[in-house]
Amino acid sequence: RIMFVLGTYLQMTGFVDSLAADREGSPDVPRSELALQGYWPLTKALVDSVLDDHAAAGGAAEDLYFTGQSQGGMMAALASLYAEKSRGQRVETVTFSATGGACLSRALGWPTADGANLLDDVDPYVVHSQVTDYADVNDYWGNLDVDPGRTCYYGLSREREAFAQCGAIQGFTGPVLMAAFGSAPGIPGEVGDAFARCRYLTHFWSTYSSNLFNESLGYLYDNGTTDGGCLDGGVWGVPSAADPDDICPRGGLSAEMRRVTIVVCIIAVTIGAA
């Protein structure tokens, strides 16, 4: 989730300054908004510009589409939700391996960033039927969050190499996998290698396109549905505002993430003292 915007982190790395400076001819967005919401204020300005230009040119609403892949898919979905809430305009949106958005928009992941959410701009508590995402059933990244619309799963064949590589990392928690992906000390290297191979086989645009659009594999049907079926909000469903089942993270570090962080720090200190 926090790969979308890293609020405080962006301030520390100077990303906000470079982002604010490198937008000649773009709308004036206060630096404070960039620090709190990353790309989102610029995304809104871009969406508004596209919608205004399209309307001024006499374009029909049904001729406009949003699309994207991975984090770009999440941005496209959120842009569609923004257009719907701010203008009452439903833009048909098709994404691939999108990293969700229904949970992320409620809390951007940094408890120290007061008010870091997108709730003034989007409604993540209902299913938005104009948004459809296509996700490989083995794609950890493409199923990182809850999609705000319909999710169509594909790739059920267990003869695929993806099932072997992705199956090797089943049972590991998200924090451990993220640490392994970053080659953190104390995490077996084979876990990170399997996670990287799983990502390549299911999430890269070259592999998902060759899988999804390969007619001989039979994953995508003529009516737009898939061999794994299409579900509103994916397998979890879009959580309500109360979220009684705790589908969405509530901010801060999970107990598992704290344990991983402590272990990594202990190992680093031990290595440094050796």
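Searching the whole of this predicted model turns up 3 disulfides. Each one is a covalent bond between the sulfur atoms of two cysteines.

| Disulfide | S to S distance | Torsion about the S-S bond |
|---|---|---|
| Cys 103 and Cys 248 | 2.0 Å | about -75 degrees |
| Cys 152 and Cys 230 | 2.1 Å | about 110 degrees |
| Cys 166 and Cys 198 | 2.1 Å | 100 degrees |

**Cys 103 and Cys 248**

Let us start with the pair whose sulfur atoms sit 2.0 Å apart, Cys 103 and Cys 248. Its S-S torsion is about -75 degrees, so this disulfide is left-handed. The bond links distant parts of the chain, 145 residues apart: Cys 103 belongs to the loop between E2 and E3, while Cys 248 belongs to the loop between strand E5 (230-232) and helix H10 (255-273). Both Cys 103 and Cys 248 are buried.

**Cys 152 and Cys 230**

Next comes the disulfide that joins Cys 152 to Cys 230. A torsion of about 110 degrees makes the bond between Cys 152 and Cys 230 right-handed. Cys 152 is in strand E4 (residues 150-154) and Cys 230 is in strand E5, so the bond ties together parts 78 residues apart in sequence. Are these two cysteines buried or partly exposed? Cys 152 has a relative accessible area of 0% and is therefore buried, whereas Cys 230, at 21%, counts as partly exposed. The cut-off behind this is that buried means under 20% relative accessible area.

**Cys 166 and Cys 198**

The remaining pair is Cys 166 and Cys 198, a right-handed link with 100 degrees about its S-S bond. Cys 166 counts as buried at 1% relative accessibility, and Cys 198 counts as buried at 1%.

**Helix H5**

Now for a helix worth a look in the viewer. H5 covers residues 71-87, 17 residues in all, and reaches 24 Å from its first C-alpha to its last, close to the 24 Å expected at 1.5 Å a residue. Its buried residues include Gly 73, Met 74, Met 75, Leu 78, Leu 81 and Tyr 82. Which elements do the buried residues of H5 pack against? They pack against helix H4 (40-56) and the strands E1 (65-69), E2 (92-96) and E3 (131-136). After H5 comes Gly 88, with a positive phi near 70 degrees.

How values were computed. Residues numbered from 1 in each chain as written. Predicted model: local features only at pLDDT ≥ 70, side-chain atom pairs only at ≥ 80, totals over all residues. Heavy atoms only, no water. Helix = DSSP H or I, 4+ residues; strand = E, 2+ residues; numbered from the N terminus. Expected span 1.5 Å × (residues − 1). Buried < 20%, exposed > 50% of the residue type's maximum accessible area, 1.4 Å probe, protein only. Contact = heavy atoms within 4.5 Å. Disulfide = S-S within 2.5 Å.
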